[in-house]
Amino acid sequence: KYLFLFLITPLIYCQELGSSKFDSTRFIANQKVFHHPAKVLFNSRSFNLEVFTEFEKKSIKQVSLFYRTDYQPRYREISFPLKSKRYSYTYNPKKNPANYITYFFTVELVDGKVFATPIDDSGILNPITMNLVDPFQYYKQRAEGKN
């Protein structure tokens, strides 16, 4: 009787793992969308928000940036032209003043799959929030060794 329970228990757990619709470790290992955030964003000059992907161009349906600021609390979607060689958006804080920006990128494939970046260790979307800083204050603090 105990031998039967000992043998059947691993089979039950294997079936549960196999039937799972979302395997976060597989999702993270197969991530093909990359973004490297800048160390600092200034409130007085334009900066680029750029994403890279390893998907073939013919398999991509849409690449988008979603961003919001403290002055614009709803996410705004910027779709990139599919034929472009780079997926980059220039944000101009002089035209759209803000104290911070929160953003993430998505890639939708022709087969309906959607990938995003950045994601955390469990595979959940984790948008980046960065303060837009005054360059004078930033370099002053760096010169004083505070940064």
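Glutamate 50 is buried, with a relative accessible area of 16%; buried means under 20% relative accessible area, exposed over 50%, and partly exposed in between, with a 1.4 Å probe and protein chains only.

First, the basis of the model. This is a predicted model, in which local features need pLDDT of at least 70 and side-chain atom pairs count only at pLDDT 80 or more, while totals for chains, interfaces and linings use all residues. Residues are numbered from 1 along each chain as its sequence is written, and side-chain values use heavy atoms, with hydrogens and water left out.

The chain has a mean pLDDT of 80, and 78% of its residues reach 70 or more; pLDDT is the predictor's confidence in each residue, from 0 to 100. Over residues 1-30, pLDDT stays under 50, and the model has 12 contacts for them beyond four places in sequence. A contact means heavy atoms within 4.5 Å. Where pLDDT is low, the predicted coordinates should not be read in detail.

Now the overall layout. The chain contains three helices and nine strands. Here helices (H or I, at least four residues) and strands (E, at least two) are DSSP runs, numbered from the N terminus. Read from the N terminus, the order is α-α-β-β-β-β-β-β-β-β-β-α. Of the 147 residues, 30% count as buried. Among contacts between residues at least 6 apart in sequence, 66% join residues at least 24 apart.

Let me return to glutamate 50. Which side chain does glutamate 50 meet in a salt bridge? The partner is arginine 86, at 2.5 Å, N to O. Glutamate 50 lies in strand E3 and arginine 86 in the loop between strand E5 (76-79) and E6, so the pair ties together parts that are 36 residues apart in sequence. A salt bridge is a side-chain nitrogen of Lys or Arg within 4 Å of a carboxyl oxygen of Asp or Glu.

The whole structure holds three salt bridges by this search. Another joins glutamate 108 and lysine 61 at 3.6 Å, N to O. That pair links distant parts of the chain, with glutamate 108 in strand E7 and lysine 61 in strand E4, 47 residues apart. Glutamate 108 is partly exposed, at a relative accessible area of 24%, and lysine 61 is partly exposed as well, at 48%. There is also a salt bridge between lysine 58 and glutamate 56, at 3.7 Å, N to O; lysine 58 and glutamate 56 are both exposed.

Next, the sheet that includes E3. It is an open sheet of three strands in the order E1-E3-E6, with antiparallel pairing. Its edge strands are E1 (33-34) and E6, each pairing on one side only. Five bridges join E3 and E6 in the antiparallel sense; two strands pair if DSSP finds at least two bridges between them. Asparagine 48 stands opposite threonine 90 in E6.

E7 has a pairing of its own to report. Four bridges join E7 to strand E8 (residues 114-117), and the two run antiparallel. Threonine 106 has alanine 116, in E8, as its bridge partner. E7 and E8 form a hairpin with four residues between them, and glycine 112 in the turn has a positive phi of about 95°.

Leaving aside neighbours within four places in sequence, phenylalanine 80 is in contact with residues including Val51, Leu65, Tyr89 and Phe105.

Is proline 93 buried or exposed? Proline 93 is buried, with a relative accessible area of 3%, and sits in the loop between E6 and E7. Residues up to four places away not counted, proline 93 touches Phe42, Asn43, Ser44, Arg45, Ser46, Phe47 and Leu132.

Finally, helix H3. Just after H3, glycine 145 takes a positive phi of about 80°.
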